[in-house]
Amino acid sequence: MPKISSKGLNMPQSPIRKLAPFADRAIEEGKKIFFLNIGQPDISTPKAALDAVKNNNLDILSYSPSSGFDSYKKKLAKYYVENGIDIEADDLIVTTGGSEALLFTMGSITDTGDEVIIPEPFYANYNGFAVASGVVVKPVESKFEDNFALPSISEFEKQITEKTKAIVICNPGNPTGYLYTKDEIQKLADLAIKHDLFIVADEVYREFVYDGEEHHSIMSLPELKNHAIMVDSVSKRYSMCGARIGCMVSKNKELIATALKFAQARLSPPTFAQIASEAALDTKKDYFIEVNEEYKSRRDTLIKALEDIKGVKVAKPKGAFYCVAELPVEDSEDFAKWMLSEFDLNGETVMVAPAAGFYSTPHTGMNQIRIAYVIEKQNLLKAVAILKMALQAYAKR
């Protein structure tokens with residue numbers, strides 16, 4: 001039998017989706033599951049985006065330009081300018097989701113064996129993108145007890161070698177919900193310039209910021225003109241995960257020209273999804289005010305309920321719609337599987353994402369889970385009540 005590639009064998013499974021077979025069996029057994037494992041918002045997609053597809057009268061569903069439709073790019077650039085990010089349409093490439101933007105970025109700035117530094121825990125698929133690109137992740141651990149704040153810059157410098165090409169961050173963070181301060185962004189910028197590194201910021205949750213805080217984009221720092229790369233997506237902003245439209249943004253002309261070659265190799269991003277995404281840009285700001293208020297209320301409800309469970313600790317997020325909780329268990333993946341396969345409370349159970357998969361360092365975060373608060377408050381409370389009873393039953397096995 002022909003051999004599978006080492007790259008393929010080393011590709012990590014998603015901690016968010018790997019337990020899906022256990023959930024499928026639980027559903028077959030008649031259990032109701034509260035899904036806290038995946039960042040799929042239950043907020044309605046803006047009607048304008050859906051109508052733009054429903055009411056379209058295209059005769060031919062054709063390719064778009066490889067970098068995306070000009071009309072969408074210009075409108076998207078205007079959105080960024082209105083949000084304090086001074087870019088032009090030629091500074092961005094439309095991609096098939098933020099994931100493709102990250103792959104294009106890796107392909108454009110790294111060679112096999114190069115290294116990127118990432119504060120952990122981080123979005124689990126960064127590990128997969130690195131493996132796919134032959135890149136080594138050098139993690140710098142942020143601490144639960146510090147609410148996952150930016151680690152000391154000296155810890156970053158310890159990881160820098162002649163093979164280091166970039167620092168990658170997610171702001172606000174997935175899985176932590178941590179929001180970087182202006183001072184922390186400036187420290188990273190200074191480090192990138194000092195060591196002549198790229199700094200890649202995944203900013204797909206930029207609209208979801210709470211408690212009067214402000215999001216600070218790396219694209220807002222003029223000194224990072226040739227260093228900064230921003231990754232973005234419509235998935236979370238407009239609750240359009242299925243559209244699979246993102247973008248890669250940089251004022252570095254050589255970088256964009258390089259990434260365009262990757263874009264040409266995959267031909268073009270999807271046409272109807274771009275039409276929907278362009279229409280979504282007309283969404284009024286009231287939409288985000290209401291959505292933010294809803295997520296903040298869900299966050300507060302969830303945190304309070306979790307803190308009332310003996311032995312559970314939780315880091316309070318300032319953005320996105322995730323939190324990381326520490327449980328009184330040794331192996332949260334085993335606990336998560338057990339909840340799906342062997343536990344229910346009146347026919348109901350909960351699916352969570354084990355947090356170890358959000359770390360690159362082995363055997364880290366073993367007692368942690370990521371919770372996505374993307375379901376209504378009453379269901380969040382039901383889910384936490386089930387989690388509480390599950391922890392008690394699990395301890396008595």
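User: What makes β12 and β13 count as paired strands?

Analyst: Two bridges join β12 to β13, and the two strands run antiparallel. Two strands pair if DSSP finds at least two bridges between them, so these two bridges are enough for the name. One facing couple is Pro354, which stands opposite Ile369 in β13. Strands here are DSSP runs of E with at least two residues, and helices are runs of H or I with at least four, both numbered from the N terminus. This is a predicted model, in which local features need pLDDT of at least 70 and side-chain atom pairs count only at pLDDT 80 or more, while totals for chains, interfaces and linings use all residues. Residues are numbered from 1 along each chain as its sequence is written, and side-chain values use heavy atoms, with hydrogens and water left out.

User: Why are β9 and β12 said to stand at the edges?

Analyst: The open sheet has four strands in the order β9-β10-β13-β12, with antiparallel pairing. β9 (313–314) and β12 each have a single partner strand, so one side of each is left without a neighbour in the sheet.

User: How do you know that β3 is mostly covered?

Analyst: Six of the six residues of β3 are buried, where buried means under 20% relative accessible area, exposed means over 50%, and partly exposed lies in between (1.4 Å probe, protein chains only). Glu115, Ile117 and Pro119 point one way from the strand, Val116, Ile118 and Glu120 point the other way, and all are buried. β3 also pairs with β4 (residues 136–141) in the parallel sense over six bridges, and the bridge partner of Ile117 in β4 is Lys138.

User: What makes the space lined by Pro119 and Pro121 a cavity, and which residues line it?

Analyst: On a 1 Å grid over the protein atoms alone, a cavity is a set of points where a 1.4 Å probe fits but cannot get out, whereas a pocket is an open set with protein on both sides within 12 Å along at least five of seven lines; lining residues have an atom within 4 Å of a point. Grid points are joined across faces, edges and corners, and a volume is the space filled by probe spheres set on the points. The structure holds three cavities of 30 Å³ or more, and about 120 Å³ of space lies in the largest cavity. Of the 16 residues that line the largest cavity, Pro119, Pro121, Cys170, Thr176 and Tyr180 are the closest to its centre. By class, this lining has 12 nonpolar, four polar and no charged residues, with Ala, Val, Leu, Ile, Met, Phe, Trp, Tyr, Cys and Pro counted as nonpolar, Asp, Glu, Lys and Arg as charged, and the others, Gly among them, as polar.

User: How many charged residues are in the lining of the largest pocket?

Analyst: The lining of the largest pocket has 11 charged residues, together with nine nonpolar and nine polar ones. This pocket holds about 780 Å³ of space, and its 29 lining residues include Tyr79, Glu82, Asn83, Arg206 and Glu207, which lie nearest its centre.

User: Why is α10 described as largely enclosed?

Analyst: Eight of the 10 residues of α10 are buried, so the helix is largely enclosed by the rest of the structure. Contact means heavy atoms within 4.5 Å, and Thr271 touches, among others, Leu58, Leu61 and Phe69, not counting residues up to four places away in sequence.
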